[in-house]
Amino acid sequence: MQKIAFLLALLFFQNTLTAQTFSEKEKQEMCVKVKEACRFAWNGYKKYAWGSDALRPISHTPQNWYKHSLLMTPVDGFDTFTLLGLKEEAKEAKDIILTKLDFNVDDEVQVFEVTIRLLGSLITAYELDGDKRFLNKAEDLGRRLLPAFKTSTGMPYRYVHLQTGAVRDALSNPAETGTLFLEFGKLTQLTGDSSFYKAAKTSLIETYNRRSKLNLVGSVINITTGQWTDTETHISGGIDSYYEYVYKAWLLFGDKDCLHIWNEHNTAVKKYLLRKENNGWFFTHADMNTGKETFPYYGALDAFYAGLLALSGDVATAKKIQQGNFYMWTKFNMEPEEFNFKTDTIVYASYPLRPEILESCFYLYRSTHSKVYLDMGKRIVNDILLHCKTDAGYAAVRNVQTYKLADSMESFFFAETLKYSYLLFAPESLVNLKKIVFNTEAHPLKINIPK
Ligand code: DMJ
């Protein structure tokens with residue numbers, strides 16, 4: 001009798017497990033849901049903010065970064081619409097880009113932001129769609145950015161005027177000096193003009209040359225003197241994508257210098273910044289020269305590192321970090337911009353629709369094919385679509401603990417958050433990671449390693 005009861009229990013348990021697999025149908029449902037969300041947000045942009053950089057999804061008003069719109073939302077969103085099979089939306093974005101996007105305007109722009117969002121996207125648009133006019137726009141923008149690099153160190157000023165080439169703001173950071181190489185390198189490959197590749201690689205190498213003895217970089221660097229003015233180190237905003245690009249430049253261009261740089265930095269980052277606390281593994285903040293902890297802070301932006309490690313083959317460490325990322329998401333309703341992982345308290349409570357945790361789900365799923373990452377992704381996507389929805393789009397969260405919203409829908413919501421949400425559940429053949437590398441704004445660039 002006891003044996004029968006045991007067998008029945010075993011059968012029940014097995015059935016429960018089978019029911020807990022993530023079916024193809026469920027994956028398709030997630031894809032449909034993300035696609036609908038994307039269409040809905042784009043419709044809001046079209047209705048209330050057409051031609052501007054972004055929609056303010058609560059007040060239904062347009063938002064521009066500078067005096068003239070650079071069409072951040074259509075440009076950043078074009079490849080997402082294409083990959084999601086939103087043909088009409090892709091056509092609308094393409095039309096407005098090709099008829100209205102003009103870089104010959106009286107505006108100074110932030111070199112880093114327009115490189116990752118606009119230059120990256122225009123190059124991808126050209127590679128996906130084949131229309132040479134996308135490449136012409138990319139080249140025009142690239143040329144207008146080049147004056148920023150004419151400095152004594154080769155690291156660019158943060159701002160450059162698109163018409164006059166006038167520059168401003170010498171106090172930069174590794175993310176802004178070191179997250180240009182994929183886009184500028186591709187521009188050289190596609191146009192044959194080596195000045196783009198040289199400028200961006202020099203900037204990256206000059207950043208690396210100023211690493212500390214511990215192989216870490218600081219938070220603020222003066223690009224005219226080459227001196228650090230803030231020696232705090234971390235993997236968060238201001239440094240994050242520098243590490244991402246040194247590894248990805250190896251993948252995209254087969255650049256061995258960059259592989260070496262990645263290995264040095266990544267070893268140091270794991271040695272000096274990775275911490276095991278009660279609730280998981282997190283990266284801390286420390287001084288770049290001594291390794292001494294400054295603040296035990298971790299946040300939404302840091303979540304990308306798990307994906308980067310998975311991509312680089314260190315799946316074991318990636319898994320541990322992604323557990324911490326998911327802890328951060330579930331502990332506070334949604335992930336806060338920053339929290340203290342020692343006291344388990346929030347430092348900055350906002351969530352501006354960031355993609356990094358989903359990006360890491362995507363890479364970890366591709367590396368492991370474990371249902372864990374589909375479940376995580378489903379929970380995160382559902383939370384975003386439920387709590388951030390307005391009557392015109394999706395809004396940033398001002399405070400994750402109260403779900404109070406803020407009137408902002410950044411273009412990276414289209415470029416990255418929705419794209420990684422979709423790709424996590426979509427057929428893998430849609431994006432082959434052996435053939436493309438995503439820039440830090442999730443624009444896929446075709447790998448073309450010179451023989
Ligand atoms: C994006 O613009 C890029 O991913 C960048 O590298 C950092 N943050 C935002 C999204 O969070």
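**Reading loops, pockets and cavities**

Mentor: Let's start at Y403, which sits in the loop between strand 16 (397–399) and strand 17 (404–405). Helices (H or I, at least four residues) and strands (E, at least two) are DSSP runs, counted from the N terminus. Keep in mind that this is a predicted model, where local features need pLDDT of at least 70 and side-chain atom pairs count only at pLDDT 80 or more, while totals for chains, interfaces and linings use all residues. Residues are numbered from 1 along each chain as its sequence is written, and side-chain values use heavy atoms, with hydrogens and water left out.

Trainee: What is the phi of Y403 near?

Mentor: Phi of Y403 is near 60°, a positive value in a residue that isn't a glycine. D344 is another non-glycine with a positive phi, of about 60°. You'll find D344 in the loop between strand 14 (338–340) and strand 15 (345–348).

Trainee: OK, on to the empty space. How is the space left between atoms shown?

Mentor: Rolling a probe the size of a water molecule over the atoms shows where empty space is left. Here that's done on a 1 Å grid over the protein atoms alone: in a cavity a 1.4 Å probe fits but cannot get out, while a pocket is an open set of points with protein on both sides within 12 Å along at least five of seven lines, and lining residues have an atom within 4 Å of a point. Points are joined across faces, edges and corners, and the volume is the space filled by probe spheres set on them.

Trainee: What volume does the largest pocket have?

Mentor: The largest pocket has a volume of about 440 Å³. It is lined by 25 residues, and F112, E113, I116, D240 and L301 are the closest to its centre. Several elements give two or more residues to this lining, including helix 7 (174–178), helix 10 (240–253) and helix 16 (412–425). Helix 5 supplies the largest share, 4 residues.

Trainee: What kinds of residues line the largest pocket?

Mentor: There are 8 nonpolar, 6 polar and 11 charged residues in that lining. In this count Ala, Val, Leu, Ile, Met, Phe, Trp, Tyr, Cys and Pro are nonpolar, Asp, Glu, Lys and Arg are charged, and the others, Gly among them, are polar.

Trainee: Where does the largest pocket lie?

Mentor: Domain 1 (1–102 + 296–451) and domain 2 (105–241) both give residues to its lining, so the largest pocket lies between them. The domain bounds come from an automatic or database assignment.

Trainee: Which residues surround the ligand?

Mentor: I116, L301, R354, P355, E356, F412, E416, T440 and E441 do; to count as near, a residue needs a heavy atom within 4 Å of the molecule. Then look for polar contacts, pairs of N or O atoms within 3.5 Å (within protein, one must be able to donate a hydrogen and the other to accept it, and residues adjacent in sequence count only if both atoms are side-chain atoms). The side chain of R354 has an N or O atom 2.7 Å from a ligand oxygen. For E356, a polar side-chain atom lies 2.8 Å from an oxygen of the ligand, and for T440 the distance is 2.7 Å. Taken alone, the ligand exposes 300 Å², and the protein buries 92% of that. Those areas come from the Shrake-Rupley method with a 1.4 Å probe; for residues, only the protein chains shown count as cover.

Trainee: What about the second largest pocket: what volume does it have?

Mentor: About 260 Å³. Its lining includes Y247, L251, L311, Y363 and I447. Helix 14 gives the largest share, 3 residues, and by class there are 7 nonpolar, 2 polar and 3 charged.

Trainee: How many cavities of 30 Å³ or more are found?

Mentor: The search of the whole structure finds 2. About 40 Å³ of space lies in the largest cavity. Strand 18 gives the most to its lining, with 3 residues, and the lining has 8 nonpolar, no polar and 1 charged residues. The second largest cavity has a volume of about 30 Å³, and helix 12 supplies 4 of its lining residues, the largest share. Here the classes are 4 nonpolar, 1 polar and 3 charged. Look for K248, L311 and Y363, which are among the residues lining both cavities.
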